[in-house]
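Could you walk me through this structure, one selection at a time? I have it open in my viewer and would like to know what to click next and what I will find there.

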Amino acid sequence: MVPCLSGEGNGCRQAAVAFARVVTAQARPETGSRSLRLKPARRRKDIMIMADTSTNPLASFHDEIMRDHDYTLPEALTEARRCLHCKVPLCRQGCPIENEIPQFIQALAQGNFGTAAEYIYHRNNLPAICGRVCPRENQCEGACVLNRAKKPIQIGKLERFVADLVLDNGLLDGKKKYPAAAAVAIVGSGPAGLAAAYDLRKAGYGVTVFEQASQPGGTIFYGIPTFRLHKEFVVREAAHLEALGVTFVYNTEIGEDKSIDDLFADGFAAVFIAVGTMDSWGLGVKNYTIPGVVDAASFLQKVQEVQLGEAMLADVPIRKGDTVAVIGAGNVAIDAARTALRLQAEVTVVYRRAEKNMKCLPSEYEEAKEEGIHFQFYSDPTAIIGVDTVEGLQYERQEILEDATMVPTGEFGVVKANKVIAAIGNRPQLSAIRTFGVHASDEGYIAVSSEPYANMTDRPGVFAAGDIVHKPQTVVLAMREGKKAAAGIAAYLQRRDSGAESV
Ligand SMILES: Cc1cc2nc3c(=O)[nH]c(=O)nc-3n(C[C@H](O)[C@H](O)[C@H](O)COP(=O)(O)OP(=O)(O)OC[C@H]3O[C@@H](n4cnc5c(N)ncnc54)[C@H](O)[C@@H]3O)c2cc1C
Ligand code: SF4
């Protein structure tokens, strides 16, 4: 049984009203035309965003329309009506959370928006985000039977069309007040934290989210660039949670400003750690510590801080006219390369394997090439050239075998660059993890078990999920694990309240 969105049994009626409004309006505005309503910057109030795009190319990021723009109502209906409603829906098999895809598309095709939304929200707390950033080409859309003719149903765009409709019309705000039973502290407001906050609040628990940054969302706010995911979609997920009664405490680092012990002393009955992987791996090639070598996650975060007015453009390590070599070929590398390009740098992505081995989505690669980013394959970085600053990136040419094994050729070359961005992955922030008093691997990944409570650590009442448990993955997986942890926390608290579990 699909739960009703409003919690009061009238989600479908509300959606029908919203539907009528949409029909009247005829079409939704495109993503880029929305106004951004961010929370005011709290750390560096004195610094202003320079709105002049001639001096600050970042100012234009907010106005940039996603290439894969949103559907209008007629477009959404036309697309939904293409679906074959397969008896064995391959799309669903391709989805990591097994969303009820054919069901929601069928409801949408019939103009039954309330039912479509209820199917979507049944398994997904963040469909407006997932509908934008999930690697759909490798998941639902890649598996869709119509992909054999290279015309898969645009499932992500349909999903976000319905989710936007729900959020635009406040259908999830739920006037029902949930009694606050035991209070749960969530550490980190990325997809895992947000998903758990949603489920726990709906289950009647008091929820407070502690976040070290000034904005919610974690990597979906500070990592994924605005031109791929407009930050309004993230901010309003948090606003929706606040409307449900979730409290957000920003600029508070657990482990530094407060400990896990403090949280229990403050009366929280359980703690959920969803801190992601905040540190980057060192590049590890010769001479990589010289100025001009930048890690991708910090670079992307700095760009967001400038857009928020929390940092100056001069703080961004990439400048107009720079020649940049980006090391890596995952979506972080492509995001960093495309961001550097928007800062008017000349960008080359340097990758040790072949084009077909790249980890980024084919569409991201195509868009990056179209925008003017250069790609150099078979080139394994070996050293940064330069004394006081970067002058180039030395690489060794590789042969790549069928199974992607690299075979060094002994031939060396240099990519000319005055900046190098390393996009080779993130890892746990060990200094913080060590303060949590939970068992973790040497690298800092937190160990959890499935019994007796899903995602509980070896410390009773302390749970963990998301990238900090399963290593850096995707938004949808972090969300799925956050939901699992929420169920584990609820089971733990119920048992505790029944007197069977002492804390
Ligand atoms: C550049 C980039 C692009 C990406 N693109 C995609 C994409 O297109 N599609 C996709 O599916 N996935 C993408 N990902 C991966 C995806 O964003 C992550 O897998 C996902 O966000 C992980 O969620 P999480 O909740 O586990 O952690 P995070 O999103 O990392 O959130 C952790 C949160 O915890 C906070 N925190 C950390 N330590 C503390 C502390 N001690 N106290 C308080 N708060 C703390 C952090 O500030 C952060 O807000 C991308 C990642 C990056 C870096
Ligand atoms: S596989 Fe494609 S056509 Fe078939 S039900 Fe799923 S979305 Fe529709």
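How many helices and strands does the protein have? There are 18 helices and 15 strands, and what you see is a predicted model. Colour by burial if your viewer can: buried residues make up 47% of the 503 residues.

**Stop one: ligand 1.** Select ligand 1 and the 40 residues around it. The ones that come nearest are Gly 188, Gly 190, Gly 218, Gly 276 and Gly 466. Now highlight the helices α9 (191-202), α10 (219-222), α13 (296-308), α14 (331-342) and α18 (475-497), each of which supplies at least two residues of this shell. Coloured by residue type, the shell around ligand 1 shows 22 nonpolar, 14 polar and four charged residues.

**Stop two: ligand 2.** Move on to ligand 2, which has 15 residues around it. Here Cys 83, Cys 86, Cys 91, Pro 102 and Cys 144 come nearest. Two or more residues of the shell come from each of α3 (90-93) and α4 (101-109), and α4 gives the largest share, with three residues. How does the shell around ligand 2 divide into nonpolar, polar and charged residues? It has 14 nonpolar residues, one polar and no charged.

**Stop three: the largest nonpolar core.** Next, select Val 162, Val 184, Phe 272, Ile 273, Val 326 and Ile 421, which touch the most other members of a core of 143 residues. Zoom in on Val 326. Beyond residues up to four places away in sequence, Val 326 touches Ala 333, Ala 336, Ala 337, Val 347, Val 349, Val 350, Ile 421 and Ala 423.

**Stop four: Leu 229.** Finally, go to the loop between α10 and α11 (231-244), where you will find Leu 229. Is Leu 229 buried or exposed? Leu 229 counts as buried because 21 other C-beta atoms lie within 10 Å, and the cut-off is 20 or more. Leaving aside neighbours within four places in sequence, Leu 229 is in contact with Ile 129, Arg 132, Val 133, Ile 220 and Ile 224. Try the distance tool on Leu 229 and Val 133: the two are 96 residues apart along the chain, and their C-alpha atoms are separated by 7.2 Å.

Note on methods:
Residues are numbered from 1 along each chain as its sequence is written. Chains are lettered from A and ligands numbered from 1 in the order in which they are written. This is a predicted model: local features need pLDDT of at least 70, side-chain atom pairs count only at pLDDT 80 or more; totals for chains, interfaces and linings use all residues. A residue is near a molecule or strand if its C-beta atom, placed from the backbone, lies within 6 Å of it. Helices (H or I, at least four residues) and strands (E, at least two) are DSSP runs, numbered from the N terminus. Ala, Val, Leu, Ile, Met, Phe, Trp, Tyr, Cys and Pro count as nonpolar, Asp, Glu, Lys and Arg as charged, and the others, Gly among them, as polar. A nonpolar core is a set of buried Ala, Val, Leu, Ile, Met, Phe, Trp, Tyr and Cys residues joined through C-beta atoms within 7 Å. A residue is buried if 20 or more other C-beta atoms lie within 10 Å of its own, exposed if 12 or fewer, and partly exposed in between; C-beta atoms are placed from the backbone. Two residues are in contact if their C-beta atoms, placed from the backbone, lie within 7 Å.
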